[in-house]
Amino acid sequence: MNPRRKKRMALLLAVVLGLSVMTGLVLYALQQNIDLFYTPTELVQGKGDDKIKPEVGQRLRIGGMVIPGSVSRDQESLKVSFGLVDAGGEEITVEFDGILPDLFREGQGIVAQGHLTDARTITAFEVLAKHDEEYMPPEVAEALKGIEHVKPEYSPEQLKGSQS
């Protein structure tokens, strides 16, 4: 091989090696930021045909309906826990330390983002409530088929206060 071909081959090899290393680093960085979406049934029974369950400590998103009567608030702090259910009937517990969205209520569809604490408990760092009656993310809509939406009940004082 002549010297010119050796230089080209070395340059080509260096470029391919550099691109390979760069691709590997990008994939490694993205792997740490991927949040998989689960429903309560998928969380308990496993996702897909292989019934793959998330590992304890894994970061994930979960969506479902807040179970009426399950919201429990700590009187000394902002900690709140509530049950979440989907059409599959499995119930899980979400624990959250912070201010819940204004649209959060029992019987409402929500998406929580957090870490799996144990097989049926999520410690959330973000809770999102759907913003109106019509829109719902496709994954949550699929998971909640067959569950009836519970409309909020307002006292006469609340209704009177909103009209003034």
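**A chat about strands, a patch and a ring**

User: Hi! Which residue lies over the face of tyrosine 38?
Analyst: Lysine 47 does, at 4.8 Å from the ring centre. Keep in mind that this is a predicted model.

User: Thanks! And how many aromatic pairs does the structure hold?
Analyst: The structure holds 1 aromatic pair.

User: New topic: which residues make the nonpolar surface patch?
Analyst: Leu11, Val15, Leu19, Met22, Val26, Leu27 and Leu30 make that patch, and its area is about 680 Å².

User: Where is leucine 27, then?
Analyst: Leucine 27 belongs to helix 1, which covers residues 3–31.

User: Is leucine 27 buried or exposed?
Analyst: Leucine 27 counts as exposed, because its relative accessible area is 54% and the cut-off for exposed is over 50%.

User: Let's move to strand 5. Which of its side chains are buried?
Analyst: In strand 5 (residues 91–97), Ile92, Val94 and Phe96 are buried and point to one face.

User: How does strand 4 pair with strand 5, parallel or antiparallel?
Analyst: Antiparallel, over 7 bridges, with strand 4 spanning residues 79–85. The two strands form a hairpin with 5 residues between them, and glycine 89 in the turn has a positive phi of about 90°.

Definitions and conventions
Residues numbered from 1 in each chain as written. Predicted model: local features only at pLDDT ≥ 70, side-chain atom pairs only at ≥ 80, totals over all residues. Heavy atoms only, no water. Phe/Tyr/Trp six-rings, centres within 6.5 Å; stacked < 30°, edge-to-face > 60°. Lys NZ or Arg CZ within 6 Å of the ring centre and 35° of its normal. Patch = residues over 30% accessible without salt bridge, like charges linked within 9 Å, V, L, I, M, F, W, Y side chains within 5 Å. Areas by Shrake-Rupley, 256 points an atom, 1.4 Å probe, with all protein chains shown as cover. Salt bridge = Lys/Arg side-chain N within 4 Å of Asp/Glu carboxyl O. Helix = DSSP H or I, 4+ residues; strand = E, 2+ residues; numbered from the N terminus. Buried < 20%, exposed > 50% of the residue type's maximum accessible area, 1.4 Å probe, protein only. Pairing = 2+ DSSP bridges.
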